[in-house]
Amino acid sequence: MLSAIFISGGIGALRHAQGHEPMTENVKPFLEKIGVPTDDMETLIRANGAVMVGAGALLAIGRLPRLSSLALLVSLVPTTATHDFWAQSDPQAKQMQQIQFFKNLGLAGGLLLAAVDTEGKPGLGYRAKMAGDSLGRSAHTAKLEARLAAANAKSALS
C-alpha cells in the first residue's frame, strides 16, 4: 500500500514532466549545490518518476524491499522540497502546501520503517555476531578435544 502513491506519482511525472517543472524552482539551488546540472529539469523529473515507478513496483511485490524503500526515500527528498508552505502568502495555498509537505514526511517515516524491517529475520549485524560466537565456541571445543586426544595418546603410550 505504501508504494501506490509513488507508482501513481511516478507515472504522472513520466507522462507530464512539463507540468511538474514550475514546482522545481525550490529544488534547483540544492541540485546545483550538489553538482547536478539543472538546465534540463524535464529529464530530472522523468528520472525521478522512473525511480518512483521502479522502486515502488519492487516494494509492492516484495522484491528488495529495503533497497527499494531507500530509493523511494531519496526520490522523496526533492519532491518534499517543492512544497514550500513557508513562502506562501495565500492562506489556502499555504495550507495545501503544508498538507503535502507533512504527507511526504509521513511517507518518509513509513519508508524508513520499511527500510529497516527485516521481516522477522535477524539483521546482518546480529547474524555476524552469532557466527562469530559460534566460531569461538567451535574453536574452544576443538581445543578441548585436542587436549583430550593428547591426554589419551599419552596414557596409551604409558
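**Pocket lining and surface features of the predicted model**

Helix H4 contributes the most to the lining of the largest pocket, giving eight residues; helices here are DSSP runs (H or I, at least four residues) numbered from the N terminus. The structure is a predicted model, in which local features need pLDDT of at least 70 and side-chain atom pairs count only at pLDDT 80 or more, whereas totals for chains, interfaces and linings use all residues. Residues are numbered from 1 along each chain as its sequence is written, and side-chain values use heavy atoms, with hydrogens and water left out.

The lining of the largest pocket comprises 33 residues, of which Asn48, Met52, Ser75, Pro78 and Thr79 lie nearest its centre. Two or more lining residues come from each of helix H1 (4-15), helix H3 (28-33), helix H4 (41-61), helix H5 (65-81) and helix H6 (91-116). A pocket is an open set of points on a 1 Å grid over the protein atoms alone, where a 1.4 Å probe fits, with protein on both sides within 12 Å along at least five of seven lines, and lining residues have an atom within 4 Å of a point.

Pro122, placed in the loop between H6 and helix H7 (124-157), counts as partly exposed at 39% relative accessibility. The C-alpha atoms of Pro122 and Gly136, which are 14 residues apart along the chain, are separated by 20 Å.

Methods: Buried < 20%, exposed > 50% of the residue type's maximum accessible area, 1.4 Å probe, protein only.
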